[in-house]
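Please read it alongside the sequence and the model.

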There are 2 protein chains.
Amino acid sequence: MRLTILGCYSATPRTLNNTTSQVLEINNHMFLIDCGEGTQVELRKHKIKFNRIKHIFISHLHGDHFFGLVGLISTFRLLTREADLNIYGPKGIKEIVTLQMKLADSWTNYNLIFHELTSKTSELIFEDEKVEVYTIPLNHRIYTNGYFFKEKEGERKLNIEAAEKAQINVAYYSKLKQGFDVVSENGVVIKNDTVTSACEKPKSYAFCSDTMYKEDIVSIIENAHVLYHESTFLDKHANLAVKTKHSTAKEAALIAKKAKVDILLLGHYSTRYDSLNVFKDEAQEVFKNVELSEDGKVFEF
Amino acid sequence: MRLTILGCYSATPRTLNNTTSQVLEINNHMFLIDCGEGTQVELRKHKIKFNRIKHIFISHLHGDHFFGLVGLISTFRLLTREADLNIYGPKGIKEIVTLQMKLADSWTNYNLIFHELTSKTSELIFEDEKVEVYTIPLNHRIYTNGYFFKEKEGERKLNIEAAEKAQINVAYYSKLKQGFDVVSENGVVIKNDTVTSACEKPKSYAFCSDTMYKEDIVSIIENAHVLYHESTFLDKHANLAVKTKHSTAKEAALIAKKAKVDILLLGHYSTRYDSLNVFKDEAQEVFKNVELSEDGKVFEF
């Protein structure tokens, strides 16, 4: 699982700070999460092939999370894209994009498929053989979802030597991988775990931005491998966090602790602070394994 | 008159190429012309004070000319702008911006004044004591206007020594500056041009992008000091220019010649060509005084 941070600052793009956008590579998918102004140029800088992006997830309709979307869609058109493009985001996103295509008299020559979200409870919005994506309803000034990307539980690893020794017919091997007990050629019941072992823990990534502290997301993202949780402010500005419906680094860490995630990744920083380390220091008072997202940083999880 | 080229390429922003946006400083105004994606960051790079921008002129609703507008408006809001902002552009521009403000529940705290254009003939859209702005109806795939920025004719320069010698009462000096003949204290009629001289030629700037070759703009922009005329293609791709309703460098030069402008500025280049000099070379076969716009270049005219 590889995560590329294209931008991780709040509010407005600046000379050295991009607004929110990330690319998550998981099981051959390349999911684009949020799309602030300038995202298409950041994708080019990172040499990410446009055609590999087939699903874009937009958290909410504040500009620092989606003002780059219409430009990206338009650029795909100019580059004569043919592959379908799926857009997941709040109701209204389709109207914004199609109004601009209509007034420009420039419709895409590829299929643009909108999945508009309105649910206030978590729902499964994407699924294939290996990956599922769920929404994480958040609490911000407008309707907002985070997204939970999960590898499905893989098949158990078969110890072929042990299976042969136990005289199991090869026809049963796929049953074994699925976790079933089977009967050997001699009519003996073979317990599954004597010839198989658990698969690796499936990877998962929970993206939560923008939101104020919202404890009931814990049950949705429990045991996530990586949690990206916004930390716009420090605890000393907790009043601002409440007022603007954002979180502090400390609150992000509390969610990480309660959800028992492996790694907490901070981001969506206000530019009022001189250094990013202050966010990490504050979070680590509550939860140890903290990483800082930074524009251009690539994480291998 | 100072012109800052923030971006001058066609189609899509790239790592090293910005799409159309320019800042024209004329008589203490700072006019922003077009606003491709990323314009706000280019304004920051050039240290152009956001509050000095009070009028934004959008040529047409193709993304490479206005996808940065909604982000700029939003950033002005976040920076608690108070000054009015006037937006001139095709009908529909207000709906695009207000739809996004509505869905973001983020209305500006300053006055946002839209001047939506629909006329197919040139019209005066801005005027103060010293400057006028006219539309230049163009011929592109969708409704498009160029803009003609003109200093008004200044007052004549008074030769005070000559006026005193001719025994003209100081009460008549303003009449003289306005070009009138006056009567001296001795009752003699004094011809205006014996005590005054012409003011400097007023500066003017005609911005014409995007458009195919359209000869009837010549009468509107005649004798302009500087003409920016799009030159997306070279003559060898004239068929593409017709098909996409753009111009070649040669056609831009023909317009410059017929309109008897002082300087032709080329721009809106397709990125298919290796160098910009080929545009200049082609144009100079028709019209001598050619300049190339380039991202980040500042012209003092």
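B:Lys245 sits in the loop between α8 (238–244) and α9 (249–258) of chain B. Helices (H or I, at least four residues) and strands (E, at least two) are DSSP runs, numbered from the N terminus. This is a predicted model: local features need pLDDT of at least 70, side-chain atom pairs count only at pLDDT 80 or more, and totals for chains, interfaces and linings use all residues. Residues are numbered from 1 along each chain as its sequence is written, while chains are lettered from A and ligands numbered from 1 in the order in which they are written.

B:Lys245 has a positive phi although it is not a glycine. B:Thr80 also has a positive phi and is not a glycine. B:Thr80 lies in the loop between α3 (69–78) and β5 (85–90) of chain B.

| Residue | Phi |
|---|---|
| B:Lys245 | about 55° |
| B:Thr80 | near 55° |

Burial counts other C-beta atoms, placed from the backbone, within 10 Å of a residue's own: buried is 20 or more, exposed 12 or fewer, partly exposed in between. B:Lys245 is partly exposed because it has 18. B:Thr80 is exposed because it has 8. B:Leu6 is buried because it has 28 neighbours. B:Leu6 belongs to strand β1 (residues 2–7) of chain B.

A cis peptide bond joins A:Ser209 and A:Asp210, with omega about -5°. The bond from B:Ser209 to B:Asp210 is cis, with omega near -10°.

Chain A has domain 1 (2–154 + 199–300) and domain 2 (157–197), with bounds from an automatic or database domain assignment. Their C-alpha centres lie 43 Å apart. The model scores ipTM 0.90 and pTM 0.92.
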